[in-house]
Amino acid sequence: MEENKFTPANYKSDQAVRWCPGCGDHAILNTLHKAMASVGVPPHKMAVISGIGCSSRLPYYMNTYGMHTIHGRAAAIATGFKVANPEMTVWQISGDGDGLAIGGNHFIHAVRRNIDINILLFNNKIYGLTKGQYSPTSDRGFVSKSSPYGTTEDPFIPAELVFGARGNFFARSIDVELQVNQEVLAAAQQHKGTSVVEILTNCVIWNNGIHNFITDRETRADRTIHLVHGEKMIFGKDKNKGLVQDGFLLKAVEIGKDGYTIDDVLVHDAHCKSNFLHQQLAMMDGHELPLAIGIIRDVEGLTYNDEIDKQVAEVRAKKGFTCLRDMIMAGETWEVK
Amino acid sequence: MLEKTSVKPIDKVVVRFSGDSGDGMQLAGNIFTNVSAGLGNSVSTFPDYPADMRPPQGSLSGVSAFQASVGKGVHTPGDQCDVLVAMNPAALKRGYKFLKPGGVIIVDIDSFNESGLKKAQFETEDAIKELGITAQVIEAPITSMTKNALADTDMDVKSVLKCRNIFALGLVCWLFDRPLENALKLLKNKFAKKPAIYEANAKVIQAGYDYGHNIHATVTTFRVETEDIRPGVYTDINGNTATAWGLIMAAEKAGRPLFLGSYPITPATDILHELAKRKDLGVKACQMEDEIAGVCSAIGAAFAGNLAATSTSGPGLALKSEGIGLAVIAEVPLVVIDVMRGGPSTGLPTKTEQTDLMQALYGRNGESPLAVVAPTSPTDCFTMAFEASRIAIEHMTPVILLTDAFIGNGASAWRIPEADEYPAIRTPYVPADKVDGWKPYHRDPETLSRYWAIPGTENLQHRIGGLEKDSDTGAISTDPINHEKMVELRREKIARIANDIPEQEVICDVNADTLLIGWGGTYGHLHEAAEDLNKAGKRVAFTQFRYINPLPKNTAEILNRYKTIIVAELNTGMFADYLQSKFPNLDIRRINKIQGQPFLSKEIVDGVTKIMEGK
């Protein structure tokens, strides 16, 4: 492998980072610098496109091409960018409000088209920049400034939308899981097609501790499972728990108890075409079954931009026009002398 | 210099109904003729029966046709038809050669099955392609829709199928704005003794009419002929195709790829259709999930280094407003095409108006100036689409191109330009001597346009976006003085485009006291009216604006030259208000029409005469 000539510092812009101290976004930004250096994307071959919200400030902190756009539209802008300039690596940065409320339509259509971009979805279950309203990922009953008596609606689960839109890549991490963050960001970069990475982030100001049930140091190992392709689905502080098949569903068991052995524990296959099991894994929420982090689905598919380029090449070769006039002259014409 | 353009309202329409001899083509044709005669048209018809008394059904020898020519001063049934109705493949094969360039074919697509194609001796499954037809074809499922319309009657299949002709008639009535009342009266007389048959036909004619409405079927009822006497190679073109081709020409002259992000909307969709075909010239046309994604994908493509465009009509322009504002502040080149139709809201989707002018000029939040241009004719769509692209790139700004349903669908003969006829477009790349220390909002001192650093270029990484930026460093800035400075720079940048566009030209009797003013697609009618007025001894000068914002530099000088200024437009006075706001001392008189229809020259002649006579 060619030696990588980039360091994380190559991806840092000269702008001071202005997120709140303690915000989960800081860690993700640093990890993105590291992951890009590890994969070796040249900074001038990378564009970072964001919508509106706290996380959408991220492009300013990258020494790459970047565009901080308007609320909800980053996926559409990133799509046009990638089609127009397919040599570029494109990252889209969105939050749960930007990406799944106002930008929900663009999000599902980007995933459906399988445009080769990486969507980094910061999920803190709150609108931070507008000071604390519930978001489309806030749990039912969540009390916020705009839901003083609790919300009366169910949230989206981002993974479920991705699978509903026939997504080929979905990974999840938590802001505090630095190793997993780097792993999923690098994998998203290497996947061809729309890669969706959901990162659970903590908003220290408006929603502090929203993910505590999952992220609490004492219990995190028992409430999360780090899925790795080709490896057994094992979790727990003592690595003694595993996921097994229970009819069409999943079940968490203790290895060596109730007759379960390590052989019963499932092996993670992120490349499986069918998303049936991926969806079940992604829907685990840390209560009965551990919340899954890592690369949950990573399947090859035809990308929107490659297929456009292919069609252009084919049609051009077939027709052989060199310019507009050529094309028009090949149609119905008459001459006036 | 604008070429002389004349509008020919197609005073004569020739419709050829053709089908199997048992399909009732003569009846459909007769009713259409009589309905038209009832509206004051003169008519001439030509029944074209098969020679055999009982030719095999569906065969070429069994085709029966009825050609009806209706309109003003009609003396013959016409050699060629504007609309060909072909109820089966044989009728298409026999009839397509009678179609005029720019005509429309309506086929009953249900009859284009294996047996129908075989009987008409087609060799492939695609009859249209096999005949090399390039005209617009409306593939209407006439048989199945007739069956559906009569599903709740107890008629037998044979009787139901006999009503297909009347479905086709309903569709033709929609195309030519023929009210159904008279057709229904005629049907009632015809089937006076068979009320059940009348009821069935009444249902079916309405279904055909509604179908035309539902699919936004349109035919060009005007030819806007640009008289170009230069030698060269000509082709027939409509305004929407010309717009698409103008963008391609601009992309070639700028040396940048062309990207279109769009969403289907009447009457602009043909631009998307044309550019989707032009993958053979490397064009990437993406049908996006909505209007917003249409403009946003184009903004992404513009940032990425393409000549980027989005095409739409009024309601779509409303949805794109926020995106266009982003293009204003991010200062990326973007062409927004609005093929104007009747509004507000869904309004009159297939009809023409000039009612989006204010939306184009001002329909965004904040101080967000941009350039607006408006072509005068179908062929001028090519030139002005090129101009919109040139201005967008050379001045790094969004440009709105205001065409309309009338010129967008209108057709004309057009001389294909030679390769060197259009100028190269100066693409404002970051100059080599300015790369060191370059920041994204540094500007060309002459045009005030910022430079275009194409992503992928080493050492020119930069960030732009919707937040206000420092005029020097390009970093986010909320500094009050800087904001005012940036607002002023963006305003001045647009104003300076006036240095880069042709001066406004006055034609007809330039020394008259009265100046007739129009803008955009009304040129043909206004020009004709101005000439008629002068011929009648009512002296009038005439000027048509194509560059709306900024206005040509000599506009004030021209307006001050005339005692009486009359602005004629297809709205309640938007351009007049706009001129008034720029030149408050003027006393502007107005001629307005908001009927979803183009002007008639006579309306202008009458309007101007009234004003001249002080009425």
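# Notebook: chains A and B, contacts and salt bridges

**Entry 1: the A–B pair.** I started with A:Arg113 and B:Glu289, whose side chains form a salt bridge with the closest N and O atoms 2.8 Å apart. My rule for a salt bridge is a side-chain nitrogen of Lys or Arg within 4 Å of a carboxyl oxygen of Asp or Glu. Before going on, I noted that this is a predicted model, where local features need pLDDT of at least 70, side-chain atom pairs count only at pLDDT 80 or more, and totals for chains, interfaces and linings use all residues. Residues are numbered from 1 along each chain as its sequence is written, chains are lettered from A and ligands numbered from 1 in the order in which they are written, and side-chain values use heavy atoms, with hydrogens and water left out.

I ran the search over the whole structure and got 42 salt bridges over all chains. Helices (H or I, at least four residues) and strands (E, at least two) are DSSP runs, numbered from the N terminus. Both A:Arg113 and B:Glu289 are buried. For burial I use relative accessible area with a 1.4 Å probe on protein chains only: buried is under 20%, exposed is over 50%, and partly exposed is in between.

**Entry 2: the whole A–B interface.** I then looked up how many residues take part: 65 from chain B and 55 from chain A. Contact here means heavy atoms within 4.5 Å. The two chains bury about 4,900 Å² between them, and carbon and sulfur atoms give 64% of that. That area is the accessible area (1.4 Å probe) that two parts lose on being put together, summed over both. B:Lys279, B:Glu289 and B:Arg463 supply 14% of what chain B buries against chain A, more than any other three residues.

I counted four salt bridges between chain B and chain A, plus 28 residue pairs in polar contact (both at pLDDT 80 or more). A polar contact is a pair of N or O atoms within 3.5 Å; within protein, one must be able to donate a hydrogen and the other to accept it, and residues adjacent in sequence count only if both atoms are side-chain atoms. Which element of chain B gives the most to the side that touches chain A? H12(B) does, with eight residues. By class, that side of chain B has 34 nonpolar, 15 polar and 16 charged residues. Ala, Val, Leu, Ile, Met, Phe, Trp, Tyr, Cys and Pro count as nonpolar, Asp, Glu, Lys and Arg as charged, and the others, Gly among them, as polar.

I also jotted down a salt-bridge network that links A:Lys319, B:Glu274, B:Lys277, B:Arg278 and B:Asp280.

**Entry 3: domains 2 and 3 of chain B.** Chain B is divided into domain 1 (4-214), domain 2 (231-415) and domain 3 (507-612), with bounds from an automatic or database domain assignment. The C-alpha centres of domain 2 and domain 3 of chain B are 26 Å apart. Their contact takes 27 residues from domain 2 and 24 residues from domain 3. I read off about 2,100 Å² buried between these two domains, 64% of it from carbon and sulfur atoms. On the domain 2 side, B:Gln354, B:Leu357 and B:Thr376 lose the most area, together 30% of what that side buries.

The rule finds one salt bridge across this interface. B:Asp380 and B:Arg546 meet in a salt bridge at 2.4 Å, N to O. There are 11 residue pairs in polar contact between domain 2 and domain 3 of chain B (both at pLDDT 80 or more).

**Entry 4: two salt bridges within a chain.** In chain A, the side chains of A:Lys125 and A:Asp139 meet at 3.5 Å, N to O. A:Lys125 is buried at 17% relative accessible area, whereas A:Asp139 is partly exposed at 38%. B:Asp152 lies in the loop between H5 and helix H6 (157-161) and B:Lys203 in helix H9 (residues 195-214), so the pair ties together parts that are 51 residues apart in sequence. B:Asp152 is exposed at 63%, and B:Lys203 is partly exposed at 37%.
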